Amino acid sequence: MNKKQKKMLIRIVVTFLLLVGLSMTPVTGYLRFGLYLIPYLVIGYDILKKAFKGIRNRQVFDENFLMAIATVGAIALGDYQEGTAVMLFYQIGELFQSYAVGKSRKNISDLMDIRPDYANVERDGVLEQVDPDEVEVGTLIVVQPGEKIPIDGMVVEGSSSLNTSALTGESLPREVTAGEEVISGCINMTGLLKIQTTKDFGESTVSKILDLVENSSSKKSKSENFISKFARYYTPAVCYGALALAILPPLVRLGILGLAPQWGEWTYRALTFLVISCPCALVISIPLSFFAGIGGASKAGVLVKGSNYLEALSQAGWVVFDKTGTMTQGVFEVKEVHHSTIETEKLLEYAALAECASSHPISKSLQKAYGKPVDRGRVTEIEEIGGNGVTARVDGVSVAAGSDRLMERLGIAFAPCHATGTVVHVAVDGAYAGHILISDMLKPNAKEAIRQLKKAGVKNTVMLTGDRREAAEQVAGELGIREVHSELLPADKVTKVEELLERKSGKEKLVFVGDGINDAPVLSRADIGIAMGALGSDAAIEAADIVLMDDDPLKIATAIRIARKCIRIVYENIYFAIGIKLICLVLGALGIANMWVAIFADVGVMVIAVLNAIRALFVKKLS
Amino acid sequence: MKKTYKIDVDCANCANKMEEAARKTAGVKEASVSFMTLKMVVEFEEGADPKAVMQEVRKNCKKVEDDCEIFL
């Protein structure tokens, strides 16, 4: 509790004791009025002051003003105890709200406690702690065990394991040694690391993420906008209702029915209205739910750029994936060698040597499978044949390695491959020597990810890829994705997403998930763009609406679940708070609910709504 | 041009009122107040002087909610 809150707590306790004491003191008349004025002023002086200032600034429908009118009115009617108690409970509610909000603010900022306070720079042989902002690119910094890496850079000396859980939600530590890139925000756990910085602090991952999280609440959701609008009309409407309730029924009784007007009774009912007119519960609980939802998501390694995206994600009906790098690891491996007329190793050696000049992932996978250093001196006359493969001379023997089309072009009869993946045919000295099957690996969680998405209520899953049809269909079949569009150029992906956007029905939202490398146009075209494995990739963090910190596809379902839960809580609060208030208004107008019921409804609804909102912070982990 | 300011305010509805007051200030194109993060993001009109505009914004906010502060 801060100072302000402690002071309020003391005021509340004092008022409570005074009220209990007074209720047992048998005094009447002016003395009673004077005595009750003490606790009333102790608890309500600031409200009265604010109400007065509000009138001066022509802010009439301000909750301070309403509370002041209601309580002063009650006291004027002789209900001293009720007037004071209403003020007391109102303040208790405000205190609770301020405490709960402060607490969740702290909780959530603790979750994202990745801001490094200093960087260790060696100067004249002594370690000095400096502000990370002042460290220039290329400076050598020292990170001791237990410290956070303050700035992105490259390990120059030492090895250690890094705890990345604050960034990715992943609890498995990452091992790093000299020569590897490291990102800021990770915690160095075991060994001393010397790191050469490659970025300014402001450009480092940790700054980007903090920036993103801290600004996330400036993009407001429809529900939040609805509530601020509702609050704008609700309070004045109830106030006019109160005025009407105080004046019309007595006039009707007096003029038409010829009964006693009962001014006091109707004024009391009108004051009850004013107590219920405060929209606090709604106004606080909706932003709090979103705030907690975004906080809980970032704890799970899902960064959401605004509550509007969380709201949109909860309506996800279509999830469209990129294949390579999203559902597969994007790492090609030689799987098999078929129809080989020579030794497998020999075939791989020829293929690897012929492809040695290329840096394409396929050539790399060939070289990796060959496993020995490639001696370029053995290769001459390398010629690329327009994206179909290469021809070269290896140890003086002519070798051709490439696709079906290359073989057709060279007029070499080949055995077509029925398995899926990328096929490299090899011909040695003009004769067919067999082919090598290369394929990408599925991510370990890919299948489970699709299953969880379906379980989370996503109706359609679609895969888009630039890859061959066979390869795409095989992956889709393994994963259980029905719709696949293959052999797409990057621009075709945008067109496809546009087609899908046409096909979906009104309220459903289309999510596109990509690994962020060249998906930026598609990410921004879809209703919600999710970039995954985006740590360190600035373009993806910019273009996407939601960023998955690691590259686990299971997080997509986690994100949707978080969004659905958060929105469910938001609606629960909206219906619950508005419902209770309306019921109380009706009961108050009928004279069934008195001021006690009204204040309990007001404060109680607020407390329950706030507690419910905080629930959005807790995220169930998918295995 | 967009700028972010730290603010201090006690209740969520007051934050909404500040947002409205800021939006109505001349020279402000768009304003958004987050009660949870206690921040105000102001987008200024082209050619407006942020310093002068923010003085006005603060004045207008104080009018609707006496108990608020914008740290300029």
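1. Val60(A) counts as partly exposed, because it has 14 C-beta neighbours inside 10 Å (buried takes 20 or more other C-beta atoms within 10 Å, exposed 12 or fewer, partly exposed is in between, with C-beta atoms placed from the backbone). This is a predicted model, where local features need pLDDT of at least 70 and side-chain atom pairs count only at pLDDT 80 or more, while totals for chains, interfaces and linings use all residues. Residues are numbered from 1 along each chain as its sequence is written, and chains are lettered from A, ligands numbered from 1, in the order in which they are written.

2. Where does Val60(A) lie? Look in the loop between α2 (29–56) and α3 (63–76) of chain A (helices are DSSP runs of H or I with at least four residues, strands runs of E with at least two, numbered from the N terminus). Setting aside neighbours within four places in sequence, Val60(A) is in contact with Ile55(A) and Phe65(A) (contact puts the C-beta atoms, placed from the backbone, within 7 Å). Val60(A) and Cys239(A) are 179 residues apart in sequence, with 10.0 Å from C-alpha to C-alpha.

3. On to a helix pair in chain A. The axes of α9 (residues 280–299) and α19 (residues 554–590) come within 10 Å and cross at roughly 170 degrees (axes are lines fitted to C-alpha atoms over the stretch in contact, with angles from 0 to 180 degrees between N-to-C directions). α9(A) and α19(A) are therefore roughly antiparallel (over 145 degrees; under 35 is roughly parallel, 65 to 115 roughly perpendicular, the rest oblique). Residues meeting here include Ser285(A), Phe290(A) and Gly293(A) from α9(A), and Ile562(A), Cys566(A) and Asn573(A) from α19(A). By class, this contact has 12 nonpolar, five polar and no charged residues (Ala, Val, Leu, Ile, Met, Phe, Trp, Tyr, Cys and Pro are nonpolar, Asp, Glu, Lys and Arg charged, the others, Gly among them, polar).

4. Now the domains of chain A, with bounds from an automatic or database domain assignment. Domain 3 (302–328 + 443–563) comes in two segments, and domain 4 spans 330–441. Their C-alpha centres lie 33 Å apart. Six residues of domain 3 are in contact with six of domain 4. Helix α15 (residues 469–479) gives the largest share of the domain 3 side, three residues. That side divides into one nonpolar, four polar and one charged.

5. Last, the chain pair: 14 residues of chain B are in contact with 20 of chain A. α1(B) gives the most to the chain B side, with three residues. By class, that side has five nonpolar, five polar and four charged residues.

How values were computed. Contact = placed C-beta atoms within 7 Å.
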